[in-house]
Amino acid sequence: IGFAVQGWRLPRSQFGFDAGWRVAAKLISLSYLWNVVRVQGGAYGTGISLKQNEMLFTYSYRDPSPARSLAINSGISDFIRQFCESDEPLDKYIISTLSDEDPLRAPREQGVVADAFWLIGLTKDKIIAERKQMLALTRQTLLDSCAVWDAFAEHGAVCVCASENLLADCENLELAEA
């Protein structure tokens, strides 16, 4: 059993940024990675996240085949294109993402979050603008994000923690011993 993470800092100067891509990440996590890595591949869990600081990462844990799970990242764009050709509505993914972005919080938690936002320079106006981008998500926005997912699959740094036999399956990775 192993654990695999691929991470990458989105170069804003190259791709810009659209908060709707976080909805795309939710779609990828729930409809692609869950089915291919978790259900078909047998990993205990998997997902993708695109944070407000443009950090993008995929992960799998308690994974019997980390190498396979990492290889699946190269199919994200194909999945997005297939989804855009379907008639499946985007609403549930938008609602789910907004729910994650702004959960109910106790007063203490509201203060902690407000402090964190202040420390990173996240203003109310920026939060509102990002919510508007998420609500305005279209299939074209999803298709435009394919360049990001392709670059991520190609350039993302990888970390795998696993037994020697599972690490041997991870070709083209530099091995570092702790």
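Colleague: How many residues does the largest nonpolar core have?
Modeller: The model is predicted, so local features need pLDDT of at least 70 and side-chain atom pairs count only at pLDDT 80 or more, whereas totals for chains, interfaces and linings use all residues. Residues are numbered from 1 along each chain as its sequence is written, and side-chain values use heavy atoms, with hydrogens and water left out. A nonpolar core is a set of buried Ala, Val, Leu, Ile, Met, Phe, Trp, Tyr and Cys residues joined through side-chain atoms within 4.5 Å. Ile28, Tyr32, Ile48, Leu56, Ile80, Leu142 and Trp149 have the most contacts inside the largest core, and its residue count is 35.

Colleague: Which element gives the largest share of this core?
Modeller: Elements are DSSP runs numbered from the N terminus: helices (H or I, at least four residues) and strands (E, at least two). Two or more core residues come from each of H2, S2, H4, H5 and helix H9 (146–155). The largest share, ten residues, comes from H2.

Colleague: What class of pair do the rings of phenylalanine 17 and tryptophan 21 form?
Modeller: Rings of Phe, Tyr and Trp (its six-membered ring) pair if their centres lie within 6.5 Å; planes under 30 degrees apart count as stacked, over 60 as edge-to-face and the rest as tilted. The whole structure has seven aromatic pairs. For phenylalanine 17 and tryptophan 21 the centres are 6.0 Å apart and the planes are at 75°, so this pair is edge-to-face.

Colleague: Are phenylalanine 79 and phenylalanine 83 buried or exposed?
Modeller: Both lie in helix H4 (residues 76–85), four residues apart, about one turn of the helix. Buried means under 20% relative accessible area, exposed over 50% and partly exposed in between (1.4 Å probe, protein chains only), and phenylalanine 79 and phenylalanine 83 are both buried.

Colleague: What volume does the largest cavity have?
Modeller: On a 1 Å grid over the protein atoms alone, a cavity is a set of points where a 1.4 Å probe fits but cannot get out, a pocket is an open set with protein on both sides within 12 Å along at least five of seven lines, and lining residues have an atom within 4 Å of a point. Points are joined across faces, edges and corners, and a volume is the space filled by probe spheres set on them. The search finds one cavity of 30 Å³ or more. Its lining residues include Leu33, Tyr59 and Asn73, and the volume is about 70 Å³.

Colleague: How many charged residues are in the lining of the largest pocket?
Modeller: The pocket holds about 550 Å³ and is lined by 25 residues, with Arg22, Ser49, Leu50, Lys51 and Glu101 nearest its centre. H2 supplies the largest share of the lining, six residues. Ala, Val, Leu, Ile, Met, Phe, Trp, Tyr, Cys and Pro count as nonpolar, Asp, Glu, Lys and Arg as charged, and the others, Gly among them, as polar. The lining has nine nonpolar and eight polar residues, and its charged residues number eight.

Colleague: What relative accessible area does aspartate 100 have?
Modeller: Aspartate 100 lies in helix H5. Aspartate 100 is partly exposed, and its relative accessible area is 48%.
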